[in-house]
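Please find below a colleague's notes on the model, arranged as numbered points. They are meant to be read with the sequence and the coordinates at hand.

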Amino acid sequence: MVVMALVAVAVGLVTLSLRDPASAQLDREAVRLAALLESARAQSRASGVALRFELPTQPGDTGFRFVGPISGDPLPTQWLGDGVSAEIIGGRSLALGPEPLIGPQRIVLRLGERNLTLATDGIGPFVAVP
């Protein structure tokens with residue numbers, strides 16, 4: 001009986017530690033996008049040339065793009081997984097520089113019913129916010 005109770009507790013703990021795949025995918029997308037945005041910001045500041053992050057304007061289009069001259073390898077333009085979409089709050093694009101202060105900006109990532117917001121106050125990096 002004690003062994004069965006221990007097995008039940010162990011199974012319960014394992015079940016609680018498993019994450020929802022959609023939530024994990026959205027977290028990966030957010031971390032990747034934050035890194036891409038910060039990389040573009042750094043390139044913009046270093047080159048002194050303005051860069052923007054834009055989403056597609058046509059319904060049904062997926063992905064994103066960075067507008068402006070980017071040195072080195074081109075930045076990605078597609079999400080890691082299918083079904084991911086994004087919305088820029090308060091505009092069509094995010095300004096990424098070249099000024100060190102870019103103004104507060106927010107982008108909401110969505111996957112199914114889940115969403116996650118990346119934001120910056122204009123000074124710090126883009127981070128996930130509640």
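This is a predicted model: local features need pLDDT of at least 70, side-chain atom pairs count only at pLDDT 80 or more; totals for chains, interfaces and linings use all residues.

**Notes on the strands, rings and pocket**

1. The pairing of β5 with strand β6 (residues 114-120) is antiparallel and is made through seven bridges. Strand β5 also pairs with strand β3 (residues 84-89), again in the antiparallel sense, over six bridges, and in that pairing Ala86 stands opposite Leu109 of β5. Because five of the seven residues of β5 are buried, this strand is largely enclosed by the rest of the structure.

2. An open sheet of three strands can be traced in the order β2-β1-β4, with antiparallel pairing. Its edge strands, each of which pairs on one side only, are β2 (65-67) and β4 (93-95), and from one strand to the next the twist averages 25°. Strand β1 (residues 52-54) is joined to β2 by three bridges, and Glu54 is found opposite Arg65 of β2.

3. The loop that runs between β4 and β5 (105-111) contains Pro98, and the peptide bond joining Gly97 and Pro98 is cis, with an omega of about 15°.

4. Four aromatic pairs are present in the structure. The ring centres of Phe64 and Phe66 are 6.1 Å apart and their planes meet at 85°, so this pair is classed as edge-to-face, the cut-off for that class being over 60 degrees. Phe64, at 5% relative accessibility, counts as buried, and Phe66 counts as buried as well, at 12%, because the term covers residues under 20%. Both rings belong to one aromatic cluster, which is formed by Phe53, Phe64, Phe66 and Trp79.

5. Which residues lie nearest the centre of the largest pocket? They are Leu55, Pro56, Gly63, Ala86 and Glu87, out of a lining of 14 residues; Ala86 is also the residue that stands opposite Leu109 in β5.

Key: Residues are numbered from 1 along each chain as its sequence is written. Side-chain values use heavy atoms; hydrogens and water are left out. On a 1 Å grid over the protein atoms alone, a cavity is a set of points where a 1.4 Å probe fits but cannot get out, and a pocket is an open set with protein on both sides within 12 Å along at least five of seven lines; lining residues have an atom within 4 Å of a point. Rings of Phe, Tyr and Trp (its six-membered ring) pair if their centres lie within 6.5 Å; planes under 30 degrees apart count as stacked, over 60 as edge-to-face and the rest as tilted. Buried means under 20% relative accessible area, exposed over 50%, partly exposed in between (1.4 Å probe, protein chains only). Two strands pair if DSSP finds at least two bridges between them. Helices (H or I, at least four residues) and strands (E, at least two) are DSSP runs, numbered from the N terminus. Axes are lines fitted to C-alpha atoms, for helices over the stretch in contact, and angles run from 0 to 180 degrees between N-to-C directions.
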